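Please look through the sequence and the structure shown below before reading the briefing. The points that follow are grouped by topic.

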Amino acid sequence: MRDSCARDITYLRLSVTELCSFRCRYCMPEEGVPKRPHEEICSPEELVEITRQAVRCGVRKVRLTGGEPLVRRGILDICRGISALEGVEELCLTTNGAALPRLAGPLKEAGLNRLNISLDTLRPDRFAYMTRTGRLEDVLQGLKAAAGAGFTGTKMNVVLMKDFNDDEIPDFVDLARRFPLEVRFIELMPIGEGGNAQFLPAEAVLEACPDLRPAEGAGVARRYRPPGGRGLVGLIEPMSHRFCGECDRIRVTADGRLKPCLHSDQEIPLRGLTGEALRQAIAAGITAKPQRHHMTETGHSDAKRNMHQIGG
């Protein structure tokens, strides 16, 4: 289905929880977030039904997000239900990786196709500082577990932050040189706990690694290949407006509200709807997708929620 700007909307980012095992400083408050009553969060059956009707509107790719989706009770049932839907061509999940040593194999068996693993630093002390509750070694073991379970096409998400990990850009690029994964550098967005002070444009990656060579793009990412490398480097630039014109996604929050755009305050309630009524609500959300965000002009997102409440 096309939106009002003639973009073909084929990608659903479906949040399954607002909770997370980490407390990353640009995303979560230090004290964490209160656990909401079960009745306020979509059940596995509701999440599958929302996806079913989104597929009727043209969605082909689904990504499970959070918070941290692997802390969600019933995550394997959710994967099984969605992967079994006719029309779902790809089921992905974004995770901090800490639970993968335990869950990588079961996730693969449940029908999950691909993983994105978030990792903003390769230095244990910085990792402990940024996440407040995490250990770098757990994530590195998670990466190994994902490969051991047979996951391929794994992507590593790195949020660029000035005076935090900008000196590690060559180290991350070296991972794409040595391993068959895509390292994606993402511009920090002024949403929720995040702010402008540490913003670093993705162009800094090209300045730090001038030997990168352009590769075929994919979705909203500009992609490059290190000479002789086994993997790829991707640049995700929401603040540079290289994103909106190619955006093919809608989002649904864990409490069942459709967001046509991450940075819009518009939300369409979906809970309580089924069948054709639910399909029509999703179609209305696609039609309402705005042309672009206005963060460059205003310096802030119009979203009324933090990132963990929307789905990363």
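Thr94 stands opposite Asn116 in β4, and its own place is in strand β3, residues 90-95; helices (H or I, at least four residues) and strands (E, at least two) are DSSP runs, numbered from the N terminus. This is a predicted model, in which local features need pLDDT of at least 70 and side-chain atom pairs count only at pLDDT 80 or more, while totals for chains, interfaces and linings use all residues. Residues are numbered from 1 along each chain as its sequence is written, and side-chain values use heavy atoms, with hydrogens and water left out.

**Strand β3 and its partners**
- β3 and strand β4 (residues 114-118) pair in the parallel sense over four bridges, where pairing requires that DSSP finds at least two bridges between two strands.
- β2 and β3 also pair in the parallel sense over four bridges, and the bridge partner of Lys61 in β3 is Glu90.
- Five of the six residues of β3 are buried, so the strand is largely enclosed by the rest of the structure; buried means under 20% relative accessible area, with a 1.4 Å probe and protein chains only.

**Surroundings of Thr94**
- Thr94 is buried, with a relative accessible area of 12%.
- The side chains of Thr94 and Arg63 are joined by a polar contact of 3.1 Å, a term for a pair of N or O atoms within 3.5 Å of which, within protein, one must be able to donate a hydrogen and the other to accept it, and for which residues adjacent in sequence count only if both atoms are side-chain atoms.

How values were computed
Buried means under 20% relative accessible area, exposed over 50%, partly exposed in between (1.4 Å probe, protein chains only).
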